[in-house]
Amino acid sequence: MATITKPETLLGKRIRRREDPRLITGTATYVDDIKMPGMYYAAILRSPHAAANIRSLNVQPALARKGVLTVFTGKDTEHAGSVPCGAALPGLRVPHHHLLALDRVYFVGHPLAVVVATDRYIARDAAELIEVDYDVLSAVADPEKALAAGAPAVHPQWPDNTAFTFHQEGGEVDKAFAEADVIVKQRITSQRLIPMAMETRGVVADWRAAERALTLYTSTQAPHLVRTLVAQVLGLEDNRLRVVAPEVGGGFGSKIDTYAEEILMAFVAMKIRKPVKWIGSRREDFLCTIHGRGHVDYYELAARRDGEITAIKLKIIQDLGAFLSLLTPAIPTLSVLMMPGLYRTKNIRADVVGAFTNCMATDAYRGAGRPEATHGIERMVDILAAELKMDPAEVRLKNFIHNEEFPFPTATGLVYDSGDYAAPLRKAMDMVDYGKFRQEQARARQEGKLLGIGMSTYGEICAFGPSPATPAGGWESSQVKVEPSGKVTVATGISPHGQGEETTFAQITADELGIGLDDVIVVHGDTSLVPYGIGTFGSRSTAVGGTALYFALQELKTKLKKWGVTLLESEDVTLADGRCTCNKSGKSVSFQEIAFAAYRAMKVPAGAEPGLVSTYFWEPPNFTFPFGAHIVVTEIDRDTGEVFIRRYVAIDDCGKILNPLIVDGQVHGGVAQGIGQALWEQAVYDDNGQLITGELMDYAVAKAPMMPWIESGHTVTPSPVNPLGVKGVGEAGTIGASPAVVNSVVDALSHLGVRHIDMPLTPEKIWNLVSAGGGK
Amino acid sequence: MEPRLLLIHYLREVVGLTGPHIGCETSLCGACTVELDGQAVKSCTMFAVQADGAKLVTIEGLAADGKLHKMQEAFWNEHGLQCGFCTPGMIIASKQILDRNPNPTEEEIRHGIEGNICRCTGYQHIVNAVRAAAKAAGA
């Protein structure tokens, strides 16, 4: 009972993470660290072609290899259900996605067969021995080409390659365009990206036939969704299926999905009646874990001469890939929701076309639809400013929703919770000394230097979300268990994998109960240990999961007080600082004494039960809407076309901050991925559907010397949606970064007549632009 | 021992040291970095037999007598990790920076961890951690 009553609030403190000791000593357990007696290893044979009919498949040479137990092919899994897509749109065409290809392959990496062997080397060797006779077909890898007449059909039954169309409209768009002083138009792409979590996906499946019990250890962000969906696809009893997300080495959205391999390993373990492990190679992970973005956007903005934006039109062509993964078709609809950004206009029209291509599915990657929308609107505002010869900051300030207008209903059907949009922009401008920079830029240009400044003022939809607005329920759960000793175990339905909620949730708990941080542990990621939960994505963990915890703690405090009343034999008691005190006599009992009494149960208070446990499922009434302003100063090397970021200022408003150390980390990591999209990263498929950025050698993930120093700061506008006042911060950096960087580079080249550049801003692209405007 | 057995698989599967991780199998990500005779090496592109007779230190061997190595402590204090997957390799590579140069500049730190990818932190807190470890060591 070493608990010390905590003297002050822990919220808002820079507390180092409680998950770190196991991670810095190499003692954490990731999926590939799990070893079971009698465990087999699986390797998957994948298609080298983007589109082909399978004439024949001969597994005999693999079976003949010493150490191979068995091989499964599409015929074995034919009667299982489809790899799940959880998103629904009117008229959506959902192709049946077999666990293993049957008679045709649809993208490079499409799984054809699973080899099960005693060792991973033998499994891989044997997979290469399988003989496949392909009849190679024409493929299409570009979404615009896929929609053009005469394109090869990805799915023969749908020759137009269109999975869905989606339309949303608000206000009087045609009138606004007819009356506009100025109209600007631009095609803007948001290229395909590879999420590239450091840990590749992997699964260990363990089947206990006598209990009809299956345990899946899988690198996922949403273990309960995996449980529900694997059970559905294989017809299993979900109460006998345990899914564990052990230590998970990053996800960034790519591990929300339930994948073919998770279902396959469950299938294999049940067939061989032995544990089985599959760990994806990096190349498999690039080919067969979802990609992000993949937009071609056509924007039109109508405005008045004074800079007021009066209407926005947007056509999105979304590259879906060959199959629909868990949320694939929903992602571009999030872009539509976010298309007005932070601006007041109520006149919007959006049309989305979802195009099938012979590629891996796109789905939620850090930001998921919102970076695309923010990139688009923030580029368009700069293009409008250039057209009107106004300062980009002035155009933004003119169009921001005013502070007194919150809660603000948008034309896309959202209600922005709270905001002070000018505040982060002004703060960022002060930090870079914006006025002075413009003078410096003018001098630099006379000297022939290419110096630019760019900004983005972004908003995002976070804390997913009200259940009717989400594909799988948007609530979250939390359970607080006080042990007889007074130690506390928090079980949460979210599934953190780097975001630090073992720390922040302990802070919330210790604060509410008035106990020490070290008296609390937070467990997550095991469906047998925690109540049903939705998982970690969409910057929801603290705003929704933390709020569920907050309400569970309020219920628990009500119970504590009842026990306090009984123990102190007084109705007039106060619960504070880890004690329950009688206001008249001054007598008090500690939290630990109450805990012990609740389990000893000598005298159970009226209306209470023995024990001290509270469980709360919280349904959020709205999303939250973080915002911020990023300003970037870039310098371009004329001779090489290389972009150097000289300053990066990020002012984010994520509502109340529970742990500034963790929030800074989230911002830095988010910005790094946004800069990565702006400058370097691109998943490139060639015309045959080959992923030619299929390894880290070819896909440019930022290394330490490539990253600038990020000067981060905050404004704090609490969210009224939850009692913690938090908004979410996981995706903010990514959403704010790419338009700020591109706007900065376009600004550096604007005097050469450059108006827009599509990402990534590779040296080759920039060098060509500079050369074309050469001599100026 | 199978001649083609990779050092990382030997460490993880045979010896049971699962601290170093496999992130790419091509020497590009650095998650498998271990110390071999005092040099940080990527154990995913080295055969176990090549390490015959060498002195190997993995992340598990850094803490001594229950006390964290200064670099581990610094990564913890400065939030130099999020998901933790790159961390064992990153800490070994960071330790090597200070072994060679007790007081590195920011640029030298970034160069020193160029062979180790972190997808979570944007590297800034890692740079802070290496600086803090240098300071703690008296630089």
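Strand β2 (residues 52-58) of chain A pairs with β6(A) in the antiparallel sense over six bridges; helices (H or I, at least four residues) and strands (E, at least two) are DSSP runs, numbered from the N terminus, and two strands pair if DSSP finds at least two bridges between them. The model is predicted: local features need pLDDT of at least 70, side-chain atom pairs count only at pLDDT 80 or more, and totals for chains, interfaces and linings use all residues. Residues are numbered from 1 along each chain as its sequence is written, and chains are lettered from A and ligands numbered from 1 in the order in which they are written.

The open sheet of chain A has three strands in the order β4-β2-β6, with antiparallel pairing. Its edge strands, β4 (104-105) and β6 (131-136), each pair on one side only.

Domain bounds, which come from an automatic or database domain assignment, divide chain A into domain 1 (20-28 + 475-618), domain 2 (34-137 + 198-250 + 255-288) and domain 3 (295-465 + 622-772). The C-alpha centres of domain 1 and domain 2 of chain A are 39 Å apart. Contact, defined by C-beta atoms, placed from the backbone, that lie within 7 Å, involves 15 residues of domain 1 and 14 residues of domain 2 of chain A. On the domain 1 side of chain A, four residues are nonpolar, 10 polar and one charged. In this classification, Ala, Val, Leu, Ile, Met, Phe, Trp, Tyr, Cys and Pro count as nonpolar, Asp, Glu, Lys and Arg as charged, and the others, Gly among them, as polar.

Also in chain A, helix α15 (residues 501-513) packs with helix α16 (residues 541-568) at an angle of about 30 degrees, their axes lying 10 Å apart. Axes are lines fitted to C-alpha atoms, for helices over the stretch in contact, and angles run from 0 to 180 degrees between N-to-C directions. The helices α15(A) and α16(A) are therefore roughly parallel to each other, a term for angles under 35 degrees. Residues in the contact include A:F505 and A:I508 of α15(A), and A:L549 and A:Y550 of α16(A). The contact of α15(A) with α16(A) has six nonpolar, six polar and three charged residues.

In chain B, the assignment gives domain 1 (7-61) and domain 2 (70-136). Their C-alpha centres lie 19 Å apart, and 13 residues of domain 1 of chain B are in contact with 11 residues of domain 2. Strand β1 (residues 33-36) gives the most to the domain 1 side, with three residues. That side holds seven nonpolar, five polar and one charged residue.

The open sheet of chain B has three strands in the order β2-β1-β3, and the pairing is antiparallel. At its edges, β2 (39-42) and β3 (56-57) of chain B each have a single partner strand, so one side of each is left without a neighbour in the sheet. Four bridges join β1(B) to β2(B), and B:V34 stands opposite B:V41 in β2(B). Helix α3(B) packs on the sheet, touching β1 and β2 of chain B, and its direction makes about 45 degrees with that of β1(B).

The contact between the chains takes 41 residues from chain B and 40 residues from chain A. Helices α2 (70-77), α3 (87-100), α4 (106-112) and α5 (124-136) of chain B each supply at least two residues of the side that touches chain A. Helix α2(B) gives the most to this side, with four residues. The chain B side divides into 19 nonpolar, 17 polar and five charged residues.

Terms used:
Contact = placed C-beta atoms within 7 Å. Parallel < 35°, antiparallel > 145°, perpendicular 65-115°, else oblique.
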